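Let's take a walk through this model, one piece at a time. Keep the picture open while you read.

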Amino acid sequence: MKIDPWSSSTYQDYARLRDEFGIEAFTEQQWQSLPEPHRLLRRGVVFGHRDFSLITDAIQQQKPWAILTGLMPSGKMHLGHKMIIDEVIYYQSIGADVFIAVADIESYGTRGYSLKETKELAVNEYIKNYIALGLKPTRCRIYFQSKNQDVKDLAYLLGKKVNWSQMTATYGFTGQTNMTHVLSPLIQTGDILHVQLPQHGGIRPVLVPVGVDQDPHIRLSRDIAKAHRLYNVTKTKDEKIGVFVKPDDHVEALLDNAEHILRNNDFTALKRITDYKAIYIEDATEDHIERIDQLLAYSEPDFDGYGFLPPAATFHRFMTGLTGEKMSSSKPESAIFLTDTIEEAKKKIMHAKTGGAVSLEQQKKEGGNPDDCMIYELFLYHLIEDDEALHEIYSTCRNGERMCGHCKKQAADQMADFLTNIATKRDQAEDVMDEYLK
Ligand code: TRP
Ligand code: SF4
């Protein structure tokens with residue numbers, strides 16, 4: 001199985017996907033330590049992660065961390081797109097530095113939009129809505145890939161440690177794939193890693209919240225981050241914890257540096273073997289690896305390294321389209337757009353696929369199926385914050401007390417309030433836009 005980030009396929013079995021690609025399960029264990037965990041985290045919409053403990057550790061130790069995501073300007077912003085920004089706004093509220101990449105080069109290379117069109121779309125469809133939804137300008141930067149020299153530089157430079165076989169194996173590129181498309185995963189790697197450059201806040205944990213279709217890019221960024229590190233901290237075959245210097249230059253200086261850092265952090269049983277470019281730490285266990293790796297990473301810029309920490313990621317499920325197929329900007333009846341009028345939204349909701357039974361009678365007797373209902377999804381993903389209230393809908397649907405007509409009306413009313421509110425705020429967003437586009 002392969003995940004193609006540019007295809008329009010839907011995913012059925014998220015657990016299988018997660019396990020096949022070595023994504024960790026995202027459960028209560030991950031979110032319980034967070035302050036006021038967001039509904040998408042509590043409700044299993046975010047179902048997987050990589051290295052999320054880097055983020056929870058940073059939060060607990062009150063150390064700086066950042067969140068970066070990207071938006072693909074192609075088509076209008078719908079409720080599926082809203083999910084990511086809801087997450088970003090939540091993480092911003094608990095202290096993350098925020099970076100948002102407008103993937104204009106990717107949209108140009110893979111979807112055929114011109115840079116001018118992508119700018120229009122990004123500003124009017126996405127950024128305005130982000131502001132209206134509550135994104136704050138402080139410690140927040142929205143930028144265009146095509147205008148960010150650091151991102152583009154990294155795309156070229158980091159590409160040194162990836163080869164064509166890896167790219168074709170990961171993405172299925174062929175002789176016909178255009179070169180801007182080929183470059184786009186490296187630009188995305190530039191997006192993800194540039195926030196750890198000194199001029200953007202320096203080395204620190206970075207969370208990339210994405211849909212699971214983006215996992216190939218996450219893996220690539222993590223591999224590249226690691227490939228460019230100067231130190232490798234690992235457990236050896238004979239069960240020892242070792243620090244290994246990777247480059248062949250300045251080996252002595254790098255070993256001196258590592259030894260110094262280790263001693264300052266109370267590791268004293270050190271055995272240095274210069275021929276192996278190694279220091280074995282006899283008083284360290286596997287549990288210390290992550291911390292030692294971080295300690296060493298921070299010193300790598302002194303030796304012309306980047307010191308990138310592996311980017312962490314969370315993966316969310318996709319909303320189903322209202323029609324029961326994939327939610328897509330190109331199928332307006334499948335999606336509610338943030339710029340829809342109340343009438344348009346109402347109409348889509350009234351036509352949506354529900355988990356109702358064939359007749360009222362039967363539904364009263366056997367109940368409905370909220371697990372296969374687009375209206376229930378609207379409640380779960382967007383409209384209902386209170387877990388008890390959501391649970392109430394679930395159980396009254398199941399036991400046949402709740403009928404779809406009434407339920408749709410409730411969703412339509414709540415959606416109308418939301419859309420009215422967001423439209424007002426969107427009108428005010430124009431004035432403050434510059435504060436975000438730094
Ligand atoms: N490829 C992403 C998409 O198709 C957009 C994107 C660009 C992105 N750069 C990113 C996502 C960095 C996350 C992080 O939607
Ligand atoms: Fe869905 Fe509501 Fe009908 Fe249950 S009653 S199937 S939740 S629309």
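## The seven-stranded sheet

Start with the open sheet of seven strands, in the order β1-β2-β11-β6-β3-β4-β5, whose pairing is mixed. Strands here are DSSP runs of E with at least two residues, helices are runs of H or I with at least four, and both are numbered from the N terminus. Two strands count as paired if DSSP finds at least two bridges between them. In general, strands of a sheet pair through backbone hydrogen bonds, either parallel or antiparallel. At the edges of this sheet you'll find β1 (24–25) and β5 (140–144), each pairing on one side only.

This is a predicted model, where local features need pLDDT of at least 70 and side-chain atom pairs count only at pLDDT 80 or more, while totals for chains, interfaces and linings use all residues. Residues are numbered from 1 along each chain as its sequence is written, chains are lettered from A and ligands numbered from 1 in the order in which they are written, and side-chain values use heavy atoms, leaving out hydrogens and water.

Now zoom in on β1, which pairs with β2 (residues 46–50) in the antiparallel sense over two bridges. There, E24 sits opposite H49 of β2.

## The four-stranded sheet

Next up is an open sheet of four strands, ordered β7-β8-β10-β9 and paired antiparallel. β7 (231–235) and β9 (270–273) are at the edges with a single partner strand each, so one side of each has no neighbour in the sheet.

β7 and β8 are joined by five bridges and run antiparallel; N232 has F244 in β8 as its bridge partner. These two strands make a hairpin with five residues between them, and E239 in the turn has a positive phi of about 65 degrees.

## Around ligand 2

What surrounds ligand 2? Its neighbours are T354, G355, G356, Q363, C373, I375, C397, R402, M403, C404 and C407 (near means a heavy atom within 4 Å). This shell divides into six nonpolar, four polar and one charged residue (Ala, Val, Leu, Ile, Met, Phe, Trp, Tyr, Cys and Pro count as nonpolar, Asp, Glu, Lys and Arg as charged, and the others, Gly among them, as polar).
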